[in-house]
Amino acid sequence: MSPREHDLHEIREAVAKLCASFTMEYWRETDRERRYPTEFVTALTRAGWLACLIPEAYGGAGLTLAAAAAVLEEVQRSGANGAACHAQMYTMGTVLRHCSEAQKKKYLPKIAKGELRLQAFGVTEPSAGSDTSSIRTTAVRKGDRYVVNGQKVWTSRAEHSDLMLLLARTAPREQAQKKTEGLSVFIVEMKAALGKGLTIRPIRTMINHATTEVFFENLEIPAENLVGEEGKGFRYVLDGMNAERILIGAECIGDARWFVAKATAYANERKVFGRPIGQNQGVQFPIARAHMATEAAALMVGRAAALYDSGQPCGPEANMAKQLAAEASWQAGDMCLQTHGGFGFAEEYDVERKFRETRLYQVAPISTNLVLCYLAEHVLHLPRSY
């Protein structure tokens, strides 16, 4: 075992121990009540895991994205739901690479201590969907401030976050040479903005994801909260999106390994016709196939994280990692439910909750179809399809 693998092993053990203090009944209750798991997020924060990517100079642990991936994988593997807090990790892809030193000194130490939460990423809009370059939310410079108007949707954790990374258009699309130009990123102090141009409206969904739609009506943001250069925001959020896809891929691997372990245990103990159902090849083979798909996808997640950590381009690998891992987790989830039969639909077995939660990643972040389009055009050099 290499030193790096040893470090990740220790991280996994520590996170698993923390997660074990939160019972499956805790997760059933939060899911049933659509309640934000504040206690769990607080515990992860106090243990320093949500600040693992923040450099030591700002109070964090200064770990790699591979380490962050190990944290989130272990959270999911324990049966928990990392969606409550994973944004504080993947937003660092934008913050650490593109925020000014003044912005980092202002926010990162408080985020590391748990005094502030950065859990909201305001990108998607109702009319744009995955076509980020078509967003309509505008930020108009007026003296030392920007005035924001527009709407975001599927902005998860907005009600439980102090800060938001917001992508808005600072120049009309028709004036840009490229459709990705004229977009800018801002840090929004959400608690101060509520009722002063910012409105948050929860959206009830099939999973407990604390997701919302957010409305901006003449919201004023200090010009000093602009991240990097005006008009270069699309490139900035790509760093966050690549990190997001790698970390979501790791979460899917955790889900898949939970499903495989759950199905294996049940197949060994459940007896029908006088023998364990796991003795039947019709039960064995789907479990084995899900295991293979999971382990193969895990290798791609690891490769993408290694590229990201070394500062190399990783767009294709990040997209493939997310897609392969999401497909593996859904394959494993479907297999696990089928293995449990009718009991898989019972809340007390936790399969139906995890089944619903992992299904999301076939849709977001970024739909599977767009991953295929990206690879077809940018890797295989086929004609652009959209």
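**Exercise 1.** Which residues of α7 are buried?

*Solution.* Before starting, keep in mind that this is a predicted model, where local features need pLDDT of at least 70, side-chain atom pairs count only at pLDDT 80 or more, and totals for chains, interfaces and linings use all residues. Residues are numbered from 1 along each chain as its sequence is written, and side-chain values use heavy atoms, leaving out hydrogens and water.

Step 1: apply the cut-off, where buried means under 20% relative accessible area, exposed over 50% and partly exposed in between (1.4 Å probe, protein chains only).

Step 2: this gives Gln103, Lys104, Tyr107, Leu108, Ile111 and Ala112. Residues three or four places apart in an α-helix point the same way, because there are 3.6 residues a turn.

**Exercise 2.** Find where α7 bends, and by how much.

*Solution.* Step 1: compare axes fitted to the seven residues ending at a position and the seven starting there; the angle between them is the bend.

Step 1: at Tyr107 the bend is about 30 degrees, and Pro109 follows within four residues.

Step 2: look just past the helix, where Gly114 takes a positive phi of about 90 degrees.

**Exercise 3.** Locate Asp350 and describe its backbone.

*Solution.* Step 1: go to the loop between α11 (315-340) and α12, where Asp350 lies.

Step 1: read its phi, a positive value near 70 degrees in a residue other than glycine. Most residues other than glycine have a negative phi.

Step 2: check burial; Asp350 is buried, at a relative accessible area of 2%.

Conventions. Helix = DSSP H or I, 4+ residues; strand = E, 2+ residues; numbered from the N terminus.
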